[in-house]
Amino acid sequence: MPAVDRTLSDLLRGHLQAWDKGNRGTRGRILVKFLEHFDRCTEPELEREFANGASLFLARVGAWLRLNADSQSDLVLPLRVLSVFVGASSGKRFLREVIEVVGIHTVVELLTSKLVDEDSKEWAAVIITQISSAGRPYREAVCKHGGPEAVRLWLRSSGEQGQDTAQSGAAANTIGNDAAAAGRGNLNQIGDKAARCLLSLARNNPYYSNQIREALMAMLTGGHSTSQMTASRVIRLILQPDPADGSVPWQPDAQLVQSSRDLLLSAEVNVQHEGSEMIRSMILHSSAWVDVSLVLRDWLRPMRIEPPMDETGVRQAFESTPTEWLLQAATAKLILSMVASLEDDDFMVVFTKQGGAIALLTAMANVHHDSSRLLAAQAFNGLLETVPAFENEVVAVMGQPWIRRWRTDSQALLQVFDYNALNECLELTGKLSLLSTVKHNYFGLGGFLSLSQLIKRMGAAPVLGFDLIACRCSVFKFCLILLLQA
């Protein structure tokens, strides 16, 4: 323990009148002196140094914080002092006194207050983390006062302010760029504190698990990049068991997998990486393999989108790449990274059984988006070499002649491989029905089926001289069935 300034100890033990009669400056100097000498003291050490009068000083600091919580005063010093008391080891008496004097709701409300500066909010998050780490009853009390939602709103507000700083910095050239870099560093620091806070609330807290889950999902799907990365980090840790407290890890499901969509579509590489790692962490749970496989399959097989035509019938380029294609390429890139890691072969077998082969072939047939084609082709080649079940499935759906051509010259075959070529192969192998396994994707994946193909599906022979009216009725009935199924 550091040496104690006896003058300060005497002041705090016997002359608290100096605090009561002092102005803001006097109280600030007392708090600074306290932090210099008692920053890492345990509960017994604090009581010994204050001659069992530490609670009197704590009550005054807590009351001052509550009095100034709704003002624009600097609250960093009183919050740091309260953090010393809350975090004092060898007992929880000071923790209970802080909760009684200040109130959990007061600290939680600081996170969303527009009058409180960012430094004060960071220390409020530290105190919330300390309280929730003290045990399940305390973290339940924080959740009862809306702690997870307050952290989410704080991150969103900080992210928006940081984005404004970065934009203004870019416009101000060199000096502004330095300020923008500092702003990004502050956002990272805020994200770290928020992650520790949310993780402490989520561990071993089953009663409020839904509330925490909703807050994290909202951060993933509608937040700033800092919020998204923070939520992803927390979820990845929650999906793992914690030997320290024996908490049960979360079990991923399809909704949780879907929530990583916005991360994969982000323009920031770090956010994309977090999205990929989040899905990789879900694959550690074999119970989630089917859900993850189905989501990845659907992302590889979006609704077919054709570029618009001009008045002469010529296809025009999109003004911006459709989101479905970006997600298709990101999914192919994710699968490629899994293949390269050589750690997910068992999952890839399940992915293959859930239609992974036809999904990758569909992405390879997207002639309008080169990234999807190339990344899907690389993932396709990797799976052919490492997962025998995948090769067997490709042979079943595409035929042995096609796979021989692919192995002979994959680059040349890829250049001419489109939706029509995929349809022809599936029709030859009798696997055309695979294109209807994904909801809403019947027409979108393989291109519009020809009239003769529609008649075949209705059981009518495509011969010359068929009853045109009967055929039109059959086609109409078939389309109606598809719409009803959708």
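**Salt bridges and a helix contact**

Modeller: This is a predicted model. In it, R407 and E391 form a salt bridge, with 3.0 Å between the closest N and O atoms. The pair joins distant parts of the chain, as R407 is in helix α24 (residues 400-408) and E391 in helix α23 (residues 388-398), 16 residues apart.

Colleague: Is R407 buried or exposed, or does R407 count as partly exposed?

Modeller: Buried would need under 20% relative accessible area, and exposed over 50%. R407 has 42% relative accessibility, so R407 counts as partly exposed.

Colleague: And which class does E391 fall into?

Modeller: The cut-offs are again under 20% for buried and over 50% for exposed. With 26% relative accessibility, E391 therefore counts as partly exposed.

Colleague: How many salt bridges are there by this rule?

Modeller: The rule asks for a side-chain nitrogen of Lys or Arg within 4 Å of a carboxyl oxygen of Asp or Glu. R407 and E391 meet it at 3.0 Å. The count by this rule is 13 salt bridges.

Colleague: Which helices does the salt bridge of K193 and E122 link?

Modeller: The side chains of K193 and E122 meet at 3.5 Å, N to O. This pair also links distant parts of the chain, 71 residues apart. Both K193 and E122 are buried. K193 belongs to helix α12 (residues 173-202) and E122 to helix α9 (residues 118-132).

Colleague: Why does D262, which meets R261 in a salt bridge, count as partly exposed?

Modeller: The D262 and R261 side chains are 3.7 Å apart, N to O. R261 counts as partly exposed because its relative accessibility is 28%. D262 counts as partly exposed because its relative accessibility is 23%.

Colleague: Which residues are linked with R93 in a network of salt bridges?

Modeller: Side chains of opposite charge can pair when their charged atoms come close. Here R93 is part of a network of salt bridges, and the residues linked with it are E47 and E97.

Colleague: How is α22 oriented to α24?

Modeller: The axes of helix α22 (residues 370-386) and α24 come within 13 Å and cross at roughly 105°. Angles of 65 to 115 degrees count as roughly perpendicular. So α22 is roughly perpendicular to α24.

Colleague: How do the residues of that contact divide into nonpolar, polar and charged?

Modeller: On α22 the contact is made by A377, F380, N381, L384 and E385, and on α24 by W402, I403, W406 and R407. They divide into six nonpolar, one polar and two charged.

Notes. Residues are numbered from 1 along each chain as its sequence is written. This is a predicted model: local features need pLDDT of at least 70, side-chain atom pairs count only at pLDDT 80 or more; totals for chains, interfaces and linings use all residues. Side-chain values use heavy atoms; hydrogens and water are left out. Helices (H or I, at least four residues) and strands (E, at least two) are DSSP runs, numbered from the N terminus. Buried means under 20% relative accessible area, exposed over 50%, partly exposed in between (1.4 Å probe, protein chains only). Axes are lines fitted to C-alpha atoms, for helices over the stretch in contact, and angles run from 0 to 180 degrees between N-to-C directions. Angles under 35 degrees count as roughly parallel, over 145 as roughly antiparallel, 65 to 115 as roughly perpendicular and the rest as oblique. Contact means heavy atoms within 4.5 Å. Ala, Val, Leu, Ile, Met, Phe, Trp, Tyr, Cys and Pro count as nonpolar, Asp, Glu, Lys and Arg as charged, and the others, Gly among them, as polar.
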